[in-house]
Amino acid sequence: MGKTTARIFQLPWAPYRFAVSASGSYIVGGVFFLDFIRPLKVMRFLGFAYGLRVPVVHEGELQGGNVIYVPRRNPCFAQLLALWKEHSLSKPSPPNVVADASKIRSDFTKQFPDEP
């Protein structure tokens with residue numbers, strides 16, 4: 001994630017889900033949550049974990065499609081590993097309102113500006 005640092009948020013209206021953003025805050029109505037239904041990918045070089053590919057899902061998506069990169073130097077690196085260990089394959093409830101692809105892309109770009 002280049003210049004930005006991913007942060008994890010717990011939101012009062014979604015106490016069993018974990019929001020994530022690299023812009024410093026999340027967008028109300030456009031929150032991205034950790035997507036525990038998909039696997040976390042640990043990036044390794046010579047056995048050393050140097051980063052994570054973290055699946056995220058927009059609050060308006062039934063199935064997520066975006067992934068963010070979190071380098072080992074990110075303060076939430078260890079927390080992400082622990083969260084996946086605890087919540088892997090947890091199915092979220094379906095969204096209240098379904099977002100269209102352009103809204104999801106726009107929200108993703110605003111919250112993860114260094115991601116492709």
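Helices (H or I, at least four residues) and strands (E, at least two) are DSSP runs, numbered from the N terminus. By that definition, H87 has its place in helix α1. The structure is a predicted model, in which local features need pLDDT of at least 70, side-chain atom pairs count only at pLDDT 80 or more, and totals for chains, interfaces and linings use all residues. Residues are numbered from 1 along each chain as its sequence is written, and side-chain values use heavy atoms, with hydrogens and water left out.

**Overall build**

- The protein contains 2 helices and 6 strands. Read from the N terminus, the order of its elements is β-β-β-β-β-β-α-α.
- The radius of gyration (taken over C-alpha atoms) is 13 Å, close to the 13 Å that the globule rule gives for 116 residues, so the protein is as compact as a globular protein of that length. The globule rule is 2.2 Å times the number of residues to the power 0.38.
- The C-alpha trace spans about 45 × 30 × 25 Å along the principal axes of the protein.
- Contact means heavy atoms within 4.5 Å. Among contacts between residues at least 6 apart in sequence, 55% join residues at least 24 apart.

**Surface and charge**

- Buried means under 20% relative accessible area, exposed means over 50%, and partly exposed is in between (1.4 Å probe, protein chains only). Of the 116 residues, 44% count as buried.
- The protein exposes about 6,800 Å², and carbon and sulfur atoms supply 58% of this area. Accessible areas come from the Shrake-Rupley method with a 1.4 Å probe; for residues, only the protein chains shown count as cover.
- There are 14 positive and 8 negative side chains, and the centres of the two sets lie 8 Å apart. Lys and Arg count as positive and Asp and Glu as negative, while His and the chain ends are not counted. Each charge is placed at NZ of Lys, CZ of Arg, CG of Asp or CD of Glu.

**Helix α1 (77-87)**

- The buried residues of α1 are F77, L80, L83, W84 and H87. Seen down the helix axis, they fall within an arc of 120 degrees, so they line one face of α1. The arc is that of the directions from the helix axis to the C-beta atoms.
- An α-helix has 3.6 residues a turn, so residues three or four places apart point the same way.
- The exposed residues A78, K85 and E86 are carried on the face of α1 turned away from its buried side.
- The cover over the buried residues of α1 includes β1 (7-11), β2, β3, β5 and β6.
- H87 is buried, at a relative accessible area of 18%. Not counting residues up to four places away in sequence, H87 touches F18 and F36.

**Helix α2 (101-111)**

- I104, D107, F108 and Q111 are buried in α2. Their arc around the axis is only 100 degrees, which puts them on the same side of α2.
- The cover over these buried residues includes β2 (14-21), β3 (32-34), β5 (48-58) and β6 (66-71).

**Two leucines with positive phi**

- L46 lies in the loop between β4 (41-45) and β5. Its phi is near 55 degrees, a positive value in a residue other than glycine. L46 is exposed, with a relative accessible area of 80%.
- L89 is in the loop between α1 and α2. Although L89 is not a glycine, it has a positive phi of about 70 degrees. At 62% relative accessibility, L89 counts as exposed.

- S25 is found in the loop between β2 and β3, and counts as partly exposed at 39% relative accessibility.
- Leaving aside neighbours within four places in sequence, S25 is in contact with F9 and Q111. S25 and R7 are 18 residues apart along the chain, and their C-alpha atoms are separated by 8.0 Å.
- P113 is in the segment after α2. With 45% relative accessibility, P113 counts as partly exposed.
- P113 and S21 are 92 residues apart in sequence, and 9.8 Å apart in space from C-alpha to C-alpha.
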